[in-house]
Amino acid sequence: MELTKPEEAVKAARAKLTDRRKEHFIAFYLDTRNRVIHSEVVSIGTVDSALVHPREVFRPAIAKSASGVITLHNHPSGVVEPSDSDIEIHRRLRDAGRIIGIRLVDSIVFSSRGAFHSFASDNQH
């Protein structure tokens with residue numbers, strides 16, 4: 001499966017949700033042509049947060065020789081505007097990826113109602 005648009009990543013992430021009432025932090029690990037070589041749920045949190053650390057996101061990327069990562073997490077509230085902590089984890093993941101040479105292709109916040117926010121499309125963060 002190739003992920004070239006945020007909509008494609010959101011559709012794939014929705015299929016991995018086990019409980020739409022809790023935040024799920026999901027990662028898709030990509031080859032150089034944005035084809036998924038691995039995916040996993042990195043963290044399942046509570047109704048309004050999911051704990052995530054760059055080490056947990058990039059460990060599988062290194063093990064699978066991924067060249068890029070797309071991260072997504074759902075907001076059960078339906079509000080897809082990134083919180084301050086969403087912005088901070090995006091920056092930490094982007095910076096960690098630069099250091100180890102694995103691109104953070106996008107960070108996406110999505111809801112079960114179909115809305116999403118793509119940091120790559122936003123270009124402000």
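A cavity here is a set of grid points where a 1.4 Å probe fits but cannot get out, and its lining residues have an atom within 4 Å of a point. Keep that in mind for the first stop. The model is predicted.

**Stop 1: the cavity.** Select β3 (68-74), α3 and β4 (103-110). Each supplies at least two residues of the lining of the largest cavity. The largest share comes from α3, with four residues. Now show the side chains of Phe25, Thr71, Leu72, His73, Asp86, Ile89, His90, Leu93, Ser107, Ile108, Val109 and Phe119, which line this cavity. About 70 Å³ of space lies inside. By class, the lining has seven nonpolar, four polar and one charged residues.

**Stop 2: the helix pair.** Next, pick out the contact. From α2, select Pro54, Val57, Phe58 and Ile62; they meet Ile89, Arg92, Leu93, Ala96, Gly97 and Ile100 in α3. These contact residues divide into eight nonpolar, one polar and one charged. Ile89 and Leu93 are in this contact, and both also line the largest cavity.

Stop 3: Move to the largest pocket, with a volume of about 210 Å³. Select Glu23, Ser49, Ala50, Ser85 and Asp86, the closest to its centre of the 15 lining residues. Helix α3 (residues 84-100) gives the most to this lining, with five residues. The classes here are five nonpolar, five polar and five charged.

Note on methods: Residues numbered from 1 in each chain as written. Predicted model: local features only at pLDDT ≥ 70, side-chain atom pairs only at ≥ 80, totals over all residues. Heavy atoms only, no water. 1 Å grid on protein atoms, 1.4 Å probe; cavity = no way out; pocket = protein on both sides within 12 Å on 5 of 7 lines; lining within 4 Å. Points joined across faces, edges and corners; volume = space filled by probe spheres on them. Nonpolar A, V, L, I, M, F, W, Y, C, P; charged D, E, K, R; others polar. Contact = heavy atoms within 4.5 Å.
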